[in-house]
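Colleague: I am new to this structure and would like to learn how to read its features one at a time. Could we begin with the aromatic rings?

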Amino acid sequence: MRRNPRIILFQCQFCLASSADQDWVEQHLPGHIKLVKVPCSGRISPLFIMNAFQKGADGVMVSGCLPEKCHYITSNMGARRQLDEFRDFLIFLGLEPERFKFVWMNISERGVIQKEISVFSAELKAMKPNTKFNTLKGEIIEQYHG
């Protein structure tokens, strides 16, 4: 059986209103997923995504608030545009676009993050492990070897 894919989850600190969902993400996230909380999805530089792939991530997911619910007005819309363009750059570099996912999270819905992560994990598990950019040694690779 193939190992679980290594996933980096960049999560806006405001996109999960349910304390149960937030507790699951912070305390019960499966071991093959690393959480990086950010003040807003608009604060995620494409270089953070590239760095995650360079350190051995099989996939990167960004979760942000719905467009009309952003605490920083339209910052998440800018993030979506910028990261969609960055996805095109990753394709140009030879990385499958399915390895990167941006998810809008409706703060009034419950249990969505678990479903999104489960689907994303299954999609990545069907692919080969990412070896395209594993050029940096660091925390992500070391955390999952063993």
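Modeller: Please keep in mind that this is a predicted model. Rings of Phe, Tyr and Trp are taken to pair if their centres lie within 6.5 Å, and planes under 30 degrees apart count as stacked, over 60 as edge-to-face and the rest as tilted. By that rule the structure holds five aromatic pairs.

Colleague: How is the pair of Phe10 and Phe48 arranged, and which parts does it tie together?

Modeller: A pair of aromatic rings is described by the distance of the centres and the angle of the planes. For Phe10 and Phe48 the centres are 6.5 Å apart and the planes make 20 degrees, which is the stacked arrangement. Phe10 belongs to strand β1 and Phe48 to helix α2, so the pair ties together parts that are 38 residues apart in sequence. Phe10 is buried, at 5% relative accessible area, whereas Phe48, at 41%, counts as partly exposed.

Colleague: What kind of pair do Phe86 and Phe89 form?

Modeller: Their pair is tilted, with 5.9 Å from centre to centre and 35 degrees between the planes. Because Phe86 and Phe89 are three residues apart in helix α3, about one helical turn separates them. Phe86 is buried at 10% relative accessibility, while Phe89 is partly exposed at 39%. Ring pairs also bring in Phe92, so that Phe86, Phe89 and Phe92 are linked into a cluster.

Colleague: Now the sheet: in what order do the four strands stand, and which of them are at the edges?

Modeller: The four strands make an open sheet with parallel pairing, in the order β2-β1-β3-β4. β2 (33-38) and β4 (100-105) are at the edges with a single partner strand each, so one side of each has no neighbour in the sheet. From one strand to the next the twist averages 20 degrees. β1 (residues 7-12) pairs with β2 over six bridges, and Gln11 stands opposite Lys37 in β2.

Colleague: Which helices lie across these strands?

Modeller: Helix α2 (residues 46-54) lies across β1, β3 and β4, and runs at about 150 degrees to β3. Helix α3 (residues 75-93) lies across β3 and β4, and runs at about 160 degrees to β4.

Colleague: How should I read the charged side chains, and how many salt bridges are there?

Modeller: Side chains of opposite charge can pair when their charged atoms come close. With a limit of 4 Å between a side-chain nitrogen of Lys or Arg and a carboxyl oxygen of Asp or Glu, the count comes to six salt bridges. One of them joins Arg6 and Asp58, whose closest N and O atoms are 3.6 Å apart. This pair links distant parts of the chain, since Arg6 is in the segment before β1 and Asp58 in the loop between α2 and β3, 52 residues apart. Arg6 and Asp58 are both buried.

Colleague: And where does Asn130 lie, and is Asn130 buried or exposed?

Modeller: Asn130 is in the loop between α4 (112-125) and α5 (139-144), and its relative accessibility of 2% is why Asn130 counts as buried. The side chain of Asn130 reaches the backbone oxygen of Ala57 at 2.8 Å. Setting aside residues up to four places away in sequence, Asn130 touches several residues, including Arg6 and Asp58, the two partners of the salt bridge described above.

Terms used
Residues are numbered from 1 along each chain as its sequence is written. This is a predicted model: local features need pLDDT of at least 70, side-chain atom pairs count only at pLDDT 80 or more; totals for chains, interfaces and linings use all residues. Side-chain values use heavy atoms; hydrogens and water are left out. Helices (H or I, at least four residues) and strands (E, at least two) are DSSP runs, numbered from the N terminus. Buried means under 20% relative accessible area, exposed over 50%, partly exposed in between (1.4 Å probe, protein chains only). A polar contact is a pair of N or O atoms within 3.5 Å; within protein, one must be able to donate a hydrogen and the other to accept it, and residues adjacent in sequence count only if both atoms are side-chain atoms. Contact means heavy atoms within 4.5 Å. Two strands pair if DSSP finds at least two bridges between them. Axes are lines fitted to C-alpha atoms, for helices over the stretch in contact, and angles run from 0 to 180 degrees between N-to-C directions. Rings of Phe, Tyr and Trp (its six-membered ring) pair if their centres lie within 6.5 Å; planes under 30 degrees apart count as stacked, over 60 as edge-to-face and the rest as tilted.
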